[in-house]
Amino acid sequence: MSIAATQKRGFGSFLWDYLTTVDHKKIAHLYLFGGGFFFLLGGLEAMFIRIQLIKPENDFLSAGLYNEMITMHGTTMIFLAAMPLLLGLMNAVMPLQIGARDVAFPFLNSLGFWLFMFGGILLNCSWFLGGAPDAGWTSYAPLSIQSPGHGVDFYVLGLQISGAGTLIGGINFLVTVVTMRAPGMTYMRMPLFTWATFITSVLILFAFPALTVGLFLLMFDRMFGSAFFDVALGGNSIIWQHLFWIFGHPEVYILILPAFGLFSDIFSTFSRKRLFGYTAMVFATMLIAFLGFMVWAHHMFTVGLGPVANSIFAIATMAIAVPTGIKIFNWLATMWGGSIEINSAMLWSLGFIPTFTIGGMTGVMLGSSVADYQYHDTYFVVAHFHYVIVGGTVFGILAGLHYWWPKMFGRILNEMMGKISFWIFFIGFHLTFFVQHFLGLMGMPRRYWVFLEDQGLDMGNLVSTIGAFFMAVGVIVFLINIIYTAVKGEKPGDDPWGGRTLEWATASPPVYYNFKQLPLVRGLDPLWIEKTEGKGKMTPAEPVGDIHMPNSSILPFMMGLGFFIAGIGFIFQVDHSAWLIAVYAGMATAIGSMLIRSLKDDHGYHIHKEELEREAD
Amino acid sequence: MKGWMGKFKSLFLLTSLAIILAGCGRENLTALVPKGYGAESSMNLIILSTIVMTFVLVIVIIVYVIALIRFRRKKGQENFIPKQVEGNKTLETVWTVIPIILVLILAVPTVAATFDLADDTNASEHINIDITGNQYWWHFDYANEEIQTSQDIYIPTGEKVYLNMLSSDVIHSFWVPSISGKMDVNPENVNTMYIEAYEEGVYWGKCAEFCGPSHSLMDFKVIAVSPEEYEQWVGDMQSVDPEAEPQDAVAQDGKAAFEENSCMGCHAIGSSPAAVGPNLTNFGDRSKIAGFLDPTKENLVDWLMDPEAIKPGNKMTGNYPDLSEEEANSIAEYLLQLQPSEITPESAGN
Ligand SMILES: [Cu+2]
Ligand SMILES: [Cu+2]
């Protein structure tokens, strides 16, 4: 395994290797590690929340700390766990699936990661520097403006920096798919996961700027005395809600579409059958993405936008059920008539179907505006979005990890433990969240630090907390599985699942240049075609030749570090102008690194033909 | 339409009643037992959408289970390669068109109800109450009747009551699940909604929009009484004499202490519209103290001695002189005697 090999070279050079890498596969490792770390952190916060709510009027957490917990749980899970983990999988797999040697902009890829990582660290520094943000992950003005201390400032700058990273990552993937496909890999031959990556990147490109703008306005209101959201001075706080949800609704599709993509690949592989209705699946994905921009105000039915707006947004929201339904039925039809193999990766995918269908079902119910007057801001909504985000995205990430682990690390995750962790987590999940639908309707609003005695909410909350502990155990079993696999895992070879797509035509883990010769793609599921109709392996599309590779660079790390330092400076310069030094020093580091990058020519290097031929022996 | 909806509704109500009897959900709090116009409208749509979506869910689950049982790879099939199907036009059309129809079935009544609940053309012919949401309490101003009150809002049953809501600080949301769905209380614009309670009762209200540390304690009550009782309440409230001296000595001391300790700066007694803190005109009739504590003297003394321990982040803490136990006690005595009306939460069957 590569990690073991590098460890012999010493930890220092291993670390340096990862700090400077521009290889999409190693950046994937970084994303998975970073996202995984924040996932555990967010999970810990979730446990604190559930312990607080184990019984009525509990005093395990104070009101202030509880509000910090819910804010950080939501922010961490969405921005610092789910999205980076998906970006990690995309990085690991998408270039392989299109038969590319790397992404279009390897340097930007690394920059995207480091911005995310430093943004995430900055946000979490708030715990030690005077208190975390406490205005909810949605940070509605005026509450977020009024919030004392620096918590919300950390939210603003942490998200601004990590958001920039995500935006850069999105643009990079977009260009990669457009320009780097192997010969013969037309758009309509791309695997669904690649399609999902592509469309998700479009969503990122159009959705994140709205968040960026919102965060800037909030930053100026909090730090520099502007009054965009200050009603007393003529501002308007509803604008924040619009900006946030114009970003926020597409964001949920940014989270779910990649999962849809990888489930499509997994269902097809483990049913040994071509994806049913490929074209419909592609267009359904596009339609979901498009409609995703038309429905943001369904988060605002109770704001008082009036019946016309509420009706339009209600109908648009319900309409999304149609393409989503198409997808569900196409997956079922893919399995129908297939030869279904049930292993851990497939279990997570199979668990997804009923779970996500329930989440989609409550989604349509929420879309009915007048019904939403009851659901809105209650535990019904909490239940709904955990059904789609955990049942869709987290199940998806876990399915993807089990599926691609052998490709990424050369070792296969233990099946036994995989199944155990699935069942514990799956049962725990439904225990935790199913009752919450009823808690909401029985009169429990969300973000309640305590619920009162004698309101009929005790039982449901207790069940929910018990479920949360099951989920925690499921995650722990998965962690043990990772460690066990790293030490003792089997090495299953390059193509353990009978893969259909190009990533399974590379070595496990792939060599750093991925393909010695770019493959010639003859149709959808190119490897499957060669297995059933051809020679069993990909035909090269080019003779062995020199391969151009990018150089590693520490500059992306330095830029991230620079923005981190400047971020700290911005936050504390409000208290004392001496902190402006940090702003200047940080910006100097970041901009200096950009200057170096712009002015110094870096042409990369070539792996020569002879070397490649030698390596083959 | 109404016919089968009605049947399903009674079925659904019966089931939810069963759930409630089983100990889940508290009457006059839960949205599952609607007792007002808005809540009923929402409930109709909740039931309709649940039925429609359960239908879809059941189909998905059936296909899913059959597929898993029939097509799971069995022993001896290790090398079996199934037929590679590209798709099927008819099937794909079916599962596109049917969801469209289902969505339409849901969309039409949704739009109708949305416009119905937003209708405020006849607002001026009904009772209008101006509501102010504050961190973490509610103020009610019956502008036409010239009555000010807080925390407990009195309405007559069987009548539309229009609520014009504005926030004095951050966004709140006015929610009385058993009577009506919620509406946000924004700082920049007045939102109007109407409520109508079918039966007498004391209904729990909650703030549903995250508004700070004591968001979860920003409860209030809607006290629905018969129209006659309501009239009487209005009359009683209008004829309150805020200067009236209490009968016993302790309460008289309390009144003096109330005046000396700058309580008046924030709390009005009588119909003064000043409202930095809750109006206390009928405090002795309140169903709860500070929205959620039982109205006992001990609780009130606790509140006066240390409100922060009860409602973190509230705007009373630290803004009045420290009270001695004795002062707090006499003030409590005085405040609990402020009972200007015969009509109390008990009249609503509390
Ligand atoms: Cu949305
Ligand atoms: Cu609130």
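This is a predicted model: local features need pLDDT of at least 70, side-chain atom pairs count only at pLDDT 80 or more; totals for chains, interfaces and linings use all residues.
Local features need pLDDT of at least 70 and side-chain atom pairs pLDDT 80 or more, while totals for chains, interfaces and linings use all residues. Residues are numbered from 1 along each chain as written, chains are lettered from A and ligands numbered from 1 in written order, and side-chain values use heavy atoms, leaving out hydrogens and water.

**View 1. Three histidines hold the copper ion (ligand 1).** A:His249 (ND1), A:His298 (NE2) and A:His299 (NE2) sit at 1.6 to 2.0 Å. Donors here are N, O and S atoms within 2.8 Å of the metal (3.2 Å for Na, K and Ca); with water not among the atoms, sites may look incomplete. At 6% relative accessibility, A:His249 is buried (buried is under 20% relative accessible area, exposed over 50%, partly exposed in between; 1.4 Å probe, protein chains only).

**View 2. The copper ion (ligand 2) has a tetrahedral site.** B:Cys207 (SG), B:Glu209 (O), B:Cys211 (SG) and B:His215 (ND1) lie 2.1 to 2.5 Å away. Angles among the four donor atoms run from 86 to 126° (four donors count as tetrahedral if all angles lie between 85 and 135 degrees). B:His215 is buried, at 1%.

**View 3. A:Arg274 and B:Glu86 form a salt bridge.** Their closest N and O atoms are 4.0 Å apart (the cut-off: a Lys or Arg side-chain nitrogen within 4 Å of an Asp or Glu carboxyl oxygen). B:Glu86 is exposed, at 55%.

**View 4. A:Glu530 meets A:Arg522.** This salt bridge spans 2.9 Å, N to O. A:Glu530 is buried at 2%, while A:Arg522 is partly exposed at 42%.

**View 5. B:Lys255 pairs with B:Glu259.** The closest N and O atoms of this salt bridge are 3.0 Å apart. B:Lys255 is buried at 5%; B:Glu259 is partly exposed at 40%.

Terms used:
Four donors count as tetrahedral if all angles lie between 85 and 135 degrees; four count as square planar and six as octahedral if opposite donors are over 155 degrees apart and all others between 65 and 115; anything else is irregular.
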